[in-house]
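Q: Could you walk me through this one, starting with the pockets and then moving to the sheet?

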Amino acid sequence: MKKILFCNLDLLVKKFQELDPENSLKNRNEFLEYIDILCEDNEVYFISRDQEKLNSGKKHFDEKGYNKFKYKLRDSAKKFVMENKNKNNYFVFIGNKDVDFWLAVNTKSLFIVPMWLVIEKKAAYYGVCVDTPIQLYKFILALNNNNNWYSQLQIDEKSMCISLMDARTYTGLYSLQEKQMLINFQNLLKSGQSRSYYEILKYHFLANMTSTLFFDDIELFGVMPSSDCYINPDLFRFMEQVRYIKKKMLPRSLNGQPPEEKNLLIRHTPKQQMHVGSQEGRASIGGRLEFDSLYINPAFEKKIKTLKRQRKFNVMIFDDYMNYGNGFNAVRCLLESIGANKIIFVSMGIFRKQFYLKDYTIIGNVYGSEYTYTLKSQRVLTNYVINDSAKKEVDHLYSIFNK
């Protein structure tokens with residue numbers, strides 16, 4: 001999909017006082033080479049609050065032959081994107097300033113941070129970081145071409161499961177190349193090299209998310225707590241960056257709290273591990289272990305009631321892996337019992353077991369542990385939509401960010 005790229009004018013600067021001048025010039029020249037190529041299929045605007053700098057930049061780079069670039073005052077760019085917020089899947093902001101970040105957030109657009117510039121605090125933390133001009137170039141190409149989820153499963157008219165990778169590749173059931181890709185991800189996690197498993201999948205998710213308006217109505221985000229009640233910090237950061245891009249704020253009372261206390265879901269009691277036992281037994285356990293240890297964070301109750309009145313109670317939940325769907329079924333039933341309109345479950349990997357759809361009647365206060373649950377119906381779903389080309393997209397992102 002063709003994109004409109006809004007680039008901070010700093011990307012055209014030869015050198016910065018805080019950085020090595022030789023390296024800065026090298027990166028600037030490489031950036032010019034690649035952004036000029038991107039102009040063939042995308043619109044490229046350089047933005048600044050200073051009209052004189054824009055005029056000077058245009059004159060200089062037009063004379064150098066870079067006459068495909070366009071130039072806009074930041075306020076003018078802001079007006080344009082705010083008037084076209086319903087087309088935010090076309091917009092990408094590339095910059096190093098917090099003001100660039102907020103401009104992206106205000107339109108729920110993707111924000112990319114070139115790490116060869118001087119970076120401000122929020123931009124560095126919440127942006128998609130690229131280390132070199134060629135990484136930026138290849139990532140933009142990926143944004144133009146990535147639009148596949150590995151797995152989709154429509155649960156009912158309200159709920160859907162999306163999975164980003166085939167978790168079975170690690171067991172050696174598929175090609176050596178696919179197995180090696182996941183082994184590489186696991187090695188990255190252990191060694192701390194470059195981009196981790198979660199970073200690569202986050203980039204894949206963002207590339208796809210920003211190519212559609214399907215997720216624009218999501219208001220609440222959360223992650224599945226682990227069996228020991230803790231929150232995976234990598235997965236939580238993944239979720240937080242998506243939440244910030246979509247400009248969705250937490251209840252104020254949760255500011256400064258640890259992830260376990262500001263997550264939408266709270267596990268109040270360690271859950272029994274189910275890594276052992278027969279597949280049939282693990283599948284048939286249903287939501288019992290989840291219901292006995294999980295509730296919705298009461299700090300969200302007021303916000304949820306407001307969203308429900310506005311018919312905006314739409315939720316996205318992230319998890320590491322999906323097996324038989326026990327965790328998702330439980331969370332789905334809890335959310336539906338208090339009126340959720342739309343529920344998207346995103347797992348990093350999927351084992352492609354049969355999905356055991358179990359519907360429960362929930363009675364009581366789901367913002368605490370005293371509610372009761374009764375199974376009312378169950379059936380097996382096998383209507384997965386699998387797209388193996390998504391594996392190639394993830395593998396390509398891995399190669400971009402780990403060379």
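A: On a 1 Å grid over the protein atoms alone, a pocket is an open set of points where a 1.4 Å probe fits, with protein on both sides within 12 Å along at least five of seven lines, and its lining residues have an atom within 4 Å of a point. This is a predicted model, where local features need pLDDT of at least 70, side-chain atom pairs count only at pLDDT 80 or more, and totals for chains, interfaces and linings use all residues. Residues are numbered from 1 along each chain as its sequence is written, and side-chain values use heavy atoms, without hydrogens and water.

Q: What volume does the second largest pocket have?
A: About 460 Å³, taken as the space filled by probe spheres set on the points. Of its 20 lining residues, Leu9, Asp10, Val13, Ser48 and Lys53 are the closest to the centre.

Q: Which element gives the most to that lining?
A: Helix H2 does, with five residues; helices (H or I, at least four residues) and strands (E, at least two) are DSSP runs, numbered from the N terminus.

Q: OK, the sheet: what is the strand order?
A: The open sheet of six strands runs E9-E12-E13-E8-E7-E16 with mixed pairing, where two strands pair if DSSP finds at least two bridges between them. E9 (220–223) and E16 (385–386) are at the edges with a single partner strand each, so one side of each has no neighbour in the sheet.

Q: How many bridges join E12 to E13?
A: Eight, between parallel strands covering residues 314–322 and 342–350, and methionine 322 has isoleucine 350 as its bridge partner in E13.
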